[in-house]
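Good morning, and thank you for joining this group meeting. Please take a moment to look at the sequence and the structure on the screen.

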Amino acid sequence: MKKIKIATKRLLIQCTFFLLQNPLLKNFATGQIYQGDFKKICTPGLNCYSCPAAALSCPIGSMQLFLAGARHSISLYVSGFLLVTGVVFGRLICGYVCPMGLLQDLIYKIKVPKLKTRFRYARYLKYAILGFFVVLLPFAVRHELTGLGTPWFCEYICPSGTIFAAIPLLRANDFLTTMIGTRFVLKAAIAGGILIVSAFIFRFFCRVLCPLGAIYALFNRFALFRMHCSRDKCVSCGKCAEACHIKLNPAANANSPECVRCGKCSGVCEAKAISYRKP
């Protein structure tokens, strides 16, 4: 039997996790949002609560609601969930579970010239977004009447919410089109720009803008599921670095915070020096 390529295997896993997180596909047609008990559980990826097919909640959205003062009961749960997920998986979640990662991977398959860049400084923007839009603004800026904050990242930036939630809801509910305003236009422009750039640059959103990716990146070096380069097997051919879409050097640093565990490096390593190290 012909061995399945790493890229194909990863795509199948990504599609499986997309369906597990979004099993209510019929809601795309009806425009309904599931609000049952499963919504009390967070999904590991950036999967919008308001996506019609979603059965779980987004951890970034839940974190903002807590900081905004809307949900006091979820503070320890969300913090613990992200801590455990990060310690165990790191950015493996980005590479295999996140719907936005899957979408960008599919768009990157479009036959256009590719630009490989390290984003030497721009990659730190995701940490600024995490600190400013996810943590600081929801906590510090409150409405005078309600005393509650706003989930700023969800409302003004998040492309996942625009693509998987707002657009399907608008298509299924005509009355919502009368409520379209400047905020939606801004978010649609951000989402559209991200999708266009993602055809040329691998995982642009994950590497530069995603606050959830920023959290998991903090754990990448010591997560239980991480990459390993065997010094005994490595022949320093440089093929792994050449194949890396992010311009990393897996042989020298197999667990960079920027690595989304796509497996491209291990797939081209003829010496079989690079592999996933599991607990």
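Predicted model: local features only at pLDDT ≥ 70, side-chain atom pairs only at ≥ 80, totals over all residues.

Let us begin with helix α6, which covers residues 99-108. How many of the ten residues of α6 are buried? The number is nine, so this helix is largely enclosed by the rest of the structure. The buried residues are Pro99, Met100, Gly101, Leu102, Leu103, Gln104, Asp105, Ile107 and Tyr108. Their cover includes α1 (6-21), α5 (92-96), α9 (159-172), α10 (182-198) and α11 (204-208).

I now turn to Asp105, which lies in α6. Is Asp105 buried or exposed? Its relative accessibility is 7%, and because buried means under 20%, Asp105 counts as buried. Leaving aside residues up to four places away in sequence, Asp105 touches Arg10, Gln14, Phe202 and Arg203. Consider Arg203 in particular: 98 residues separate it from Asp105 in sequence, yet the two C-alpha atoms are 7.0 Å apart in space.

Finally, we move to the surface. Which residues gather there in a patch of positive charge? They are Lys5, Lys109, Lys111, Lys114, Lys116, Arg118, Arg120, Lys247 and Lys264. One of them, Lys247, sits in the loop between α13 (239-243) and α14 (264-268). With a relative accessibility of 34%, Lys247 counts as partly exposed, whereas Asp105, at 7%, counts as buried.

Note on methods
Residues numbered from 1 in each chain as written. Heavy atoms only, no water. Patch = residues over 30% accessible without salt bridge, like charges linked within 9 Å, V, L, I, M, F, W, Y side chains within 5 Å. Areas by Shrake-Rupley, 256 points an atom, 1.4 Å probe, with all protein chains shown as cover. Salt bridge = Lys/Arg side-chain N within 4 Å of Asp/Glu carboxyl O. Lys, Arg positive; Asp, Glu negative; His and termini not counted. Charge placed at Lys NZ, Arg CZ, Asp CG, Glu CD. Helix = DSSP H or I, 4+ residues; strand = E, 2+ residues; numbered from the N terminus. Buried < 20%, exposed > 50% of the residue type's maximum accessible area, 1.4 Å probe, protein only. Contact = heavy atoms within 4.5 Å.
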